[in-house]
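I set out to go through this model one element at a time and to write down what I looked up. These are my entries.

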Amino acid sequence: MTEDVLFEQRGKAGLITLNRPQALNALTLEMVRAIAAQLDVWDRDPAVTRILLRGAGGKAFCAGGDIRKVYESGETRGRTGDAEQTRFFAEEYTLNARIKASPRPWISLIDGIVMGGGVGLSVHGSHRIGTEKTLFAMPETGIGFFPDVGGSYFLPRLPGGIGLYCALSAARLKQADALHAGVLTHAVASDALPALGEALVTAEDIEATIAAHAMEPGEAPLAAVAGEIARIFTQPTLAAVLAALNAAEGAFADSTRQAIASKSPTSLALTFEQLQRGAGLDFNACMRMEFRIVSEILKHGDFYEGVRAVLIDKDNAPRWSPERLDQVDSAALGAYFGEPAGGDLPLA
């Protein structure tokens with residue numbers, strides 16, 4: 001059993017601690033499997049009436065999936081997108097679906113960075129409690145990937161185009177913004193989180209217990225540009241979104257243009273289509289779609305170039321192919337939404 005995730009049963013709670021602080025608690029296949037196995041045990045125990053999830057180390061809840069291993073697999077075995085290369089994602093997405101369908105309260109105590117795979121472990125649960133150290137992002141377009149782990153489902157359902165704004169620009173939201181967007185359900189001071197966690201182990205009334213520890217995080221900076229986000233990021237096509245953004249003036253528009261311009265053109269086109277489709281799908285259908293996308297995207301170069309630039313060489317200068325959005329073959333994007341050779345993710 002891996003020591004990278006710890007389990008404890010206390011009072012009425014099953015307590016999960018992500019325990020890779022040296023890697024910002026980044027999620028591995030072994031951790032996914034360990035969590036799934038422990039949930040099997042707790043599912044048979046009626047004394048466990050809630051799941052509490054937290055990250056060790058004080059810096060991160062979970063900074064994402066361990067994509068370096070996926071990169072290394074592609075570089076050594078070939079960029080196949082086959083079952084061996086997609087195994088991590090298949091099991092991670094299945095766990096995401098299990099969290100979404102959990103009959104018990106799934107309470108995440110988010111005291112630090114929460115990105116990618118960490119979002120998938122938390123945002124689909126019943127309670128997402130963040131502190132002033134919370135930093136949320138879905139940064140996948142910056143590594144030639146796409147916002148997975150259920151991004152197809154939750155991002156289009158954030159209000160006023162915020163989800164598409166976050167998906168395309170990889171915007172980072174702190175506590176007040178994350179609460180404003182609906183990524184968090186509650187805000188708590190970081191130094192109050194240990195006491196809240198202890199109280200939730202035995203609490204009869206979970207809602208009242210959280211409310212007793214909750215705080216007002218102040219005005220969300222995102223609220224000041226909510227109208228602009230809605231006007232730009234609810235346009236019906238990606239071309240219309242970018243046209244509205246290019247026509248906008250001011251610091252928000254300038255920084256957002258700059259952020260989007262640095263992302264993979266293929267990832268931008270793919271992400272827009274993904275979220276458009278996801279808005280009309282149920283959760284499991286979204287996860288099946290994401291498995292189709294990942295099975296295809298691992299065959300192409302932008303993911304490997306993005307990981308190289310951000311995580312391997314760290315020059316932050318990816319060379320995307322194609323380089324511009326108008327060079328992306330929109331007809332070829334259909335391959336990302338077709339059934340993989342190895343079959344669909346087996347979710348009902």
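Predicted model: local features only at pLDDT ≥ 70, side-chain atom pairs only at ≥ 80, totals over all residues.

I then placed Ser73 in helix H2, which spans residues 67-77. When I left aside the neighbours within four places in sequence, I found Ser73 in contact with Gly78 and Gln85.

I looked up Arg33 next and located it in helix H1, residues 29-43.

Entry 3, the open sheet. I traced three strands in the order S4-S6-S8, with parallel pairing, and recorded the sheet as open. Strand S4 (60-62) and strand S8 (135-137) stand at its edges, and because each has a single partner strand, one side of each is left without a neighbour in the sheet. Neighbouring strands of this sheet are turned by 15° against each other on average, with direction ignored. I then followed the pairing of S4 with strand S6 (residues 113-115), which is parallel and rests on two bridges; for Ala60 I found Ile113 as the bridge partner in S6.

How many of the residues of strand S5 (residues 106-110) are buried? I counted five of the five, so S5 is largely enclosed by the rest of the structure. I noted that Trp106, Ser108 and Ile110 point one way from S5, while Ile107 and Leu109 point the other way. Looking for partners, I found that strand S3 (residues 50-55) pairs with S5 in the parallel sense over four bridges, and that Ile51 stands opposite Trp106. I also found four bridges joining S5 to strand S7 (residues 127-130), again running parallel, with Gly130 of S7 as the bridge partner of Ile110.

I finally consulted the UniProt record, an unreviewed entry, which annotates residues 14-337 as "domain: Enoyl-CoA hydratase/isomerase". Over residues 14-337 I noted 50% helix and 10% strand, with the end C-alpha atoms 37 Å apart.

Terms used:
Residues numbered from 1 in each chain as written. Heavy atoms only, no water. UniProt positions renumbered as here; feature names shortened; annotations may be inferred. Contact = heavy atoms within 4.5 Å. Pairing = 2+ DSSP bridges. Axes fitted to C-alpha atoms, helices over the stretch in contact; angles between N-to-C directions. Buried < 20%, exposed > 50% of the residue type's maximum accessible area, 1.4 Å probe, protein only.
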